[in-house]
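Good morning, and thank you for coming. Please look at the structure as I show it, and follow the sequence alongside.

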Amino acid sequence: MSQAGRRTPAALAIDVGGTKIAAALVDQDGNILSLRTVPTGNPGDNSLRRAASLGEQVAATAEELGMRVVGAGIGLPELVEDGRITSHAVVAWTDEWVESAFARYGTIRVEADIRAAALAECRFGSGGRAGVTLYVNLGTGISHCLLIDGRPFEGQHGRALMSGSTLLTALDEQRNDLVGCRVEDVASGRGISERYSRLSGRTLPASAVFERARNGDTDAVLVMTQSIDLLGHLVASLIDILDPGLVILGGGLAEDPGLVDGLRDVALRAVWSDRARRTPIVTGSCGPSAGVIGAGLSLLDRLGDC
């Protein structure tokens, strides 16, 4: 066998977020090597060039680490249908751009970042043995992914993830009027920061808003309380509709134990079925690495299926 044949197959895994791009070598066991990050930069060509440059740096370390790059797995904060990008809301990349930037590494698999993170958590994190698992990302944005027997469910057109950006309405009985709300606009990391800024005149990240709430800041307490309530009812609705055996919470906001405990309490009180109140709601265990692990797995699984 050649020296190249003895090296461990690995994906060049790239996780693109709204603020940060992470790249690493990921093998089938979920091991991460040569992890590196850069700021995302501006949408379009700027962020693509940053990702391509970072990927090149990581791929260059493969041989010395005893690994062989077999392709590129890329997680994007966009809608993705069977590997094809179908929205341009955050990074504004095209399939053609991705092909030109990463074809040198072999097979390319693009996946929605939420499904990539969900895949990692289900396989190597908090997934356990539930046949139906719900992963909810609580970060800069809000989204979800249903996994059936460990496989992320895309829906008919790759859009089975949009719970946070769907317009919800409720009756304001005092005004006798329907009021619309998108959970992401209120209770995502971005939404929390923007709401606190409007109330207080100070711009802080969500983590700092939560810290101020714990110290008694009235505006921060209002923002945190309403965010927990809204997120709890969102999770309760998803439990009622999808009937998972397990709910995993991931993303930056899920690192705050006060938010998770409050969300869990609201959700399990709000579900309709008494049996659903026994649904475990846990925090993901892969942490910030879930996206990059899942991006790599999405490529390696694809190669295994071919």
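I begin with a definition: a polar contact is a pair of N or O atoms within 3.5 Å; within protein, one must be able to donate a hydrogen and the other to accept it, and residues adjacent in sequence count only if both atoms are side-chain atoms. This is a predicted model, in which local features need pLDDT of at least 70 and side-chain atom pairs count only at pLDDT 80 or more, while totals for chains, interfaces and linings use all residues. Residues are numbered from 1 along each chain as its sequence is written, and side-chain values use heavy atoms, with hydrogens and water left out.

Let us apply the definition to Ser227. A polar atom of the Ser227 side chain lies 2.7 Å from the backbone oxygen of Val223. Ser227 belongs to helix α8, residues 218-242; helices (H or I, at least four residues) and strands (E, at least two) are DSSP runs, numbered from the N terminus. Is Ser227 buried or exposed? It has 0% relative accessibility and therefore counts as buried, where buried means under 20% relative accessible area, exposed over 50%, and partly exposed in between, with a 1.4 Å probe and protein chains only. Leaving aside residues up to four places away in sequence, Ser227 touches Val186, Ala187 and Ile192; contact means heavy atoms within 4.5 Å.

Ile192 leads us to helix α6, where Gly189, Ile192 and Tyr196 meet Ala206, Val209, Phe210 and Arg212 of α7.

I turn now to the sheet. Strands of a sheet pair through backbone hydrogen bonds, either parallel or antiparallel. Here, five strands form an open sheet with mixed pairing, in the order β3-β2-β1-β4-β7; two strands pair if DSSP finds at least two bridges between them. Why is one side of β3 and of β7 left without a neighbour in the sheet? Because β3 (32-39) and β7 (107-112) stand at the edges, each has a single partner strand.

Consider β4, residues 67-76, which pairs with β1, residues 8-16, in the parallel sense over seven bridges. Across this pairing, Ala13 stands opposite Gly73 in β4. Strand β4 also runs parallel to β7, joined to it by six bridges, and there Ile74 faces Val110 in β7. Eight of the ten residues of β4 are buried, so this strand is largely enclosed by the rest of the structure.

Thank you for your attention.
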